[in-house]
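Please open the structure in the viewer and display it as a cartoon.

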Amino acid sequence: MMRRVRGTTFGIVGCGRIGTAAGLRAKAFGMNVVFYDPYVPDGKDQSVGFERRESLEMLREADVISVHTPLTAETNGMINGQVISCMKESAILITTSRGKVCDLDAVTDALKNNRIAAAGLACGVGAGAPTRRSCAPSR
């Protein structure tokens with residue numbers, strides 16, 4: 001899968017320090033950056049040149065989705081089958097969050113059924129980290 005990134009949309013879930021850093025790098029490649037984070041104060045979007053979205057509905061417009069949330073009761077299972085079904089079939093899902101933020105079975109299923117194009121899962125170690133498994137699409 002090869003495509004130009006300039007002009008595509010980079011969606012951030014969790015726009016803290018790491019999410020902001022990822023977004024600035026995406027912006028440097030000419031990507032439009034949108035984010036969802038209900039805990040980020042108003043004005044951050046203007047200070048970094050990102051566009052704020054009020055819900056995970058922003059995943060419908062994103063070509064690349066980058067997840068940067070801590071594992072909490074609120075974020076546990078946040079990226080699940082229902083959320084993934086809202087993504088473009090050409091979407092790339094990247095998560096650096098703890099394993100349980102992202103439902104790995106749903107991601108595996110989406111890859112096998114060509115519901116998303118690719119996934120990069122750096123789920124961390126320690127509490128909430130998943131067991132190792134292959135998530136390669138069957139194309």
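The stops below begin with the sheet, continue with its helices and end at a pocket.

**The sheet.** This is a predicted model. Select the six strands, which form an open sheet in the order β3-β2-β1-β4-β5-β6 with parallel pairing. In general, strands of a sheet pair through backbone hydrogen bonds, in either a parallel or an antiparallel manner. Which strands stand at the edges? They are β3 (51-52) and β6; each has a single partner strand, so one side of each is left without a neighbour in the sheet.

**Strands β1 and β2.** Select residues 9-13 (β1) together with residues 32-36 (β2): five bridges join them in the parallel sense. Now display isoleucine 12, whose bridge partner in β2 is phenylalanine 35.

**Helix α1.** Helix α1 lies across β1, β2 and β4 (64-67), and its direction makes about 175° with that of β1.

**Strands β5 and β6.** Move to residues 92-95 (β5) and 118-121 (β6), a parallel pair with four bridges. Within this pair, threonine 95 stands opposite leucine 121 of β6. To follow the chain from β5 to β6, select residues 104-112: the path passes through helix α4, and this β-α-β crossover is right-handed. Helix α4 packs on the sheet, where it touches β5 and β6, and it runs at about 150° to β6.

**The largest pocket.** Finally, select Gly14, His68, Thr69, Pro70 and Thr75, which lie nearest the centre of the largest pocket among its 20 lining residues. The space in this pocket is about 370 Å³. Coloured by class, the lining shows eight nonpolar, nine polar and three charged residues.

Conventions:
Residues numbered from 1 in each chain as written. Predicted model: local features only at pLDDT ≥ 70, side-chain atom pairs only at ≥ 80, totals over all residues. Heavy atoms only, no water. Pairing = 2+ DSSP bridges. Helix = DSSP H or I, 4+ residues; strand = E, 2+ residues; numbered from the N terminus. Right-handed = clockwise from strand over helix to strand, strands pointing away. 1 Å grid on protein atoms, 1.4 Å probe; cavity = no way out; pocket = protein on both sides within 12 Å on 5 of 7 lines; lining within 4 Å. Points joined across faces, edges and corners; volume = space filled by probe spheres on them. Nonpolar A, V, L, I, M, F, W, Y, C, P; charged D, E, K, R; others polar. Contact = heavy atoms within 4.5 Å. Axes fitted to C-alpha atoms, helices over the stretch in contact; angles between N-to-C directions.
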